[in-house]
Amino acid sequence: MITKVYYDSPGSDTGSNASLNGEYIRLTNKRSTVINLKGYYVRDKAGYVYSFTSDFKVAAGNSIIIYTGKGTNAGTKRYWGRSWYVWNNDGDAAYLRNSSGSLVDSCSWGKGSGYTNC
């Protein structure tokens with residue numbers, strides 16, 4: 001499930017990698033068993049997509065974070081690799097879909113404090 005979206009990175013939106021990685025989405029496995037996210041994807045209203053293209057297992061109760069910018073994927077930290085922001089500060093929506101395209105979860109927000117807990 002989508003549990004948090006930090007849609008407005010701290011400070012000015014300069015487009016620097018540090019600023020881009022201040023924007024992220026957190027997914028949490030709320031099931032009682034391990035889930036493999038292979039084939040799952042996250043997208044916004046505009047259609048920007050982050051896909052899990054290989055096996056990626058998340059233990060029950062654990063969370064992962066997908067940062068907007070560049071970095072080295074390791075453990076629970078994943079990087080979208082974008083050079084500009086995904087999540088709109090004045091309102092947007094995040095969608096999590098499984099490998100067959102079915103909606104698993106969504107989270108939307110309007111202009112607010114810079115992040116939303118879903």
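**View A. Parallel pairing of β7 with β8 in the predicted model.** Strand β8, residues 77–79, lies alongside β7 in the parallel sense, and three bridges connect the two strands. Within this pairing, Tyr 67 is placed opposite Tyr 79 of β8.

**View B. Antiparallel pairing of β2 with β7.** Strand β7, which spans residues 63–67, is also joined to strand β2, residues 24–28, and here the two strands run antiparallel with five bridges between them. Ile 25 stands opposite Ile 66, a residue of β7.

**View C. The open sheet β5-β4-β9-β10.** Four strands make up this open sheet, in the order given in the title, and their pairing is antiparallel. The edges are formed by β5 (49–51) and β10 (103–110), each of which pairs on one side only. On average, and with direction ignored, neighbouring strands of the sheet are turned by 10° against each other.

**View D. The β9 and β10 pair.** Strand β9, covering residues 91–97, pairs with β10 in the antiparallel sense over seven bridges. Tyr 95 has Ser 106 in β10 as its bridge partner.

**View E. The whole chain, as context for the close-ups.** The protein contains one helix and 11 strands, which follow one another along the sequence in the pattern β-α-β-β-β-β-β-β-β-β-β-β. Buried residues account for 42% of the 118 residues, and of the contacts with a separation of 6 or more, 56% come from residues 24 or more positions apart.

Terms used: Residues numbered from 1 in each chain as written. Predicted model: local features only at pLDDT ≥ 70, side-chain atom pairs only at ≥ 80, totals over all residues. Heavy atoms only, no water. Pairing = 2+ DSSP bridges. Axes fitted to C-alpha atoms, helices over the stretch in contact; angles between N-to-C directions. Buried < 20%, exposed > 50% of the residue type's maximum accessible area, 1.4 Å probe, protein only. Contact = heavy atoms within 4.5 Å.
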